[in-house]
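Subject: A structure to look at, with notes

Dear colleague,

Please open it first, and then read my notes below with the structure beside you.

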Amino acid sequence: MYIRLRDLISYTRNLSRSFTVGGTSRHLKWFTGGAAVTISGLAYYCNEKWDQAELSPEHFTKYRISYNDRIDSDHFMLELTPLESQKVDLWTAMRSEKLWSVQIKQPECMVVRNYTPLPLEHVGNGRIQRFSKGSYEEGKLFFYLKRYHTGEVARWLSELPEGHVIELRGPYIDHELPKQSNDKKSSYDIATFTAGTGIAPIAQILLTNTPFAGRILMLHSCSTRQDLGPLKPLLEEALSNKRGVLHYFESANGRDIRKIPNEVMALIPKPHTERESETSISPILSLVCGPDGYLATMTGAKHGLLQGPVLGLLAQKNWDSSNVFKLS
Ligand SMILES: Cc1cc2nc3c(=O)[nH]c(=O)nc-3n(C[C@H](O)[C@H](O)[C@H](O)COP(=O)(O)OP(=O)(O)OC[C@H]3O[C@@H](n4cnc5c(N)ncnc54)[C@H](O)[C@@H]3O)c2cc1C
């Protein structure tokens, strides 16, 4: 469409030139002058449109809902396909060191919310898989979402039909991990403490094509592990071969972390300064992501955008603000 408009512009410019040669009539000059102004406006419009097709924090870009499916009444998955194929492979650009999100606009109440893209795609019949090696599927984005029954944006998203077009901007880097080496011996380990969809940033760095090179100790709180839907086998597979360990705390089975603090404490390691053995996980930093109440128990609340002091269970294991990062 844009290519054709560009052809039209250059065709009309040539036409305009051929008409003004020799300055024949006032009428013709007026026509060609007007056409030139209109055409340059059109060229500007086309270039703007062209640029706005690429995801950017500066403007909103249109994506079509290519898959929207419930996991249960509280969780759903959403796949978004850009109307124009993306030129930039954000997965290669971000690697696994940057935790990033995009903002989705709710046009009726004019609010945006951040969501964490995952390198996954729907391949038919409800099957979800990781992007094949080296592929970024021209910018498809996949999300694991919680539907708050009285929340504005996620509830609205959960009800949109496939084919519906929505607007996004981004990417936004929410946190950057220290650079890691691909050399297994000099990479470092991390511990992650997540609740609900707070697992999404960890899934992001685990499932990408250049996944986090160190080992990951994961403690995840949920109602039941089935809340994760298709993410569960993908995460467990990514953690196999001694890449990491995932412990579930399922509140529906009486294992709310507030009820069994001793069991949780026994699984939280002390902070390390380097990898100490090839067999156990020696985390040098901890990432914590979940609702306010979860953060309060695990590591102390955030103070607005500020991190706030490290308290809770992690503080009792000698973790502090030099090695803990709280995600929202
Ligand atoms: C960097 C980042 C990444 C994120 N990634 C994800 C992700 O991948 N998946 C995901 O599901 N979420 C993610 N989130 C959370 C997401 O941005 C939204 O906060 C979430 O979807 C809730 O938005 P909402 O508009 O649906 O609900 P909101 O309208 O914001 O409501 C949220 C909660 O507050 C309650 N509430 C609303 N209004 C009031 C009120 N007046 N008084 C008391 N309670 C009220 C609602 O009942 C609900 O429980 C991320 C957030 C950040 C900052």
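Let me begin with a residue that you can find quickly on the outside: K242 has a relative accessible area of 68%, so it counts as exposed. K242 sits in the loop between helix 6 (231–238) and strand 11 (244–250), and its phi is positive, at about 60 degrees, although K242 is not a glycine. Please keep in mind throughout that this is a predicted model.

A second residue with a positive phi is N125, which is also not a glycine and whose phi is near 55 degrees. You will find N125 in the loop between strand 5 (120–122) and strand 6 (128–130), where it is exposed, with a relative accessible area of 83%. Another feature of the backbone is the peptide bond from G170 to P171, which is cis, with omega near 0 degrees; P171 itself belongs to strand 8.

Next come the salt bridges. As a general point, side chains of opposite charge can pair when their charged atoms come close. In this model the count comes to 15 salt bridges, and I describe some of them here.

One of them joins the side chains of E97 and K179, with 3.4 Å from N to O. E97 lies in the loop between helix 3 (90–94) and strand 3 (98–106), while K179 lies in the loop between strand 8 (165–176) and strand 9 (189–195), so this pair ties together parts that are 82 residues apart in sequence. Are the two partners buried or exposed? E97 is buried, with a relative accessible area of 3%, whereas K179, at 68% relative accessibility, counts as exposed.

A further salt bridge is formed by K98 and E176, whose closest N and O atoms are 3.8 Å apart. Because K98 lies in strand 3 and E176 in strand 8, the pair ties together parts that are 78 residues apart in sequence. At 48% relative accessibility, E176 counts as partly exposed.

R147 forms a salt bridge with E159, and here the closest N and O atoms are 2.9 Å apart. This pair links distant parts of the chain, with R147 in the loop between strand 7 (141–146) and helix 4 (153–158) and E159 in the loop between helix 4 and strand 8, twelve residues apart. R147 is buried, its relative accessible area being 11%.

Finally, please look at the ligand. Which residues around the ligand come nearest? Of the 18 residues around it, these are R113, N114, Y115, T150 and V153. By class, the shell around the ligand has seven nonpolar, seven polar and four charged residues.

A polar side-chain atom of T116 lies 2.9 Å from a nitrogen atom of the ligand, and an N or O atom in the side chain of T150 is 2.3 Å from an oxygen atom of the ligand. For T197, an N or O atom of the side chain is 3.5 Å from a ligand oxygen atom. On its own the ligand has 970 Å² of accessible area, and the protein covers 60% of this. Strand 4 (111–115), strand 7 and helix 4 are the elements that give two or more residues to the shell around the ligand.

Methods:
Residues numbered from 1 in each chain as written. Predicted model: local features only at pLDDT ≥ 70, side-chain atom pairs only at ≥ 80, totals over all residues. Heavy atoms only, no water. Salt bridge = Lys/Arg side-chain N within 4 Å of Asp/Glu carboxyl O. Helix = DSSP H or I, 4+ residues; strand = E, 2+ residues; numbered from the N terminus. Buried < 20%, exposed > 50% of the residue type's maximum accessible area, 1.4 Å probe, protein only. Near = heavy atom within 4 Å. Polar contact = N/O pair within 3.5 Å; in protein donor to acceptor, adjacent residues only side chain to side chain. Areas by Shrake-Rupley, 256 points an atom, 1.4 Å probe, with all protein chains shown as cover. Nonpolar A, V, L, I, M, F, W, Y, C, P; charged D, E, K, R; others polar.
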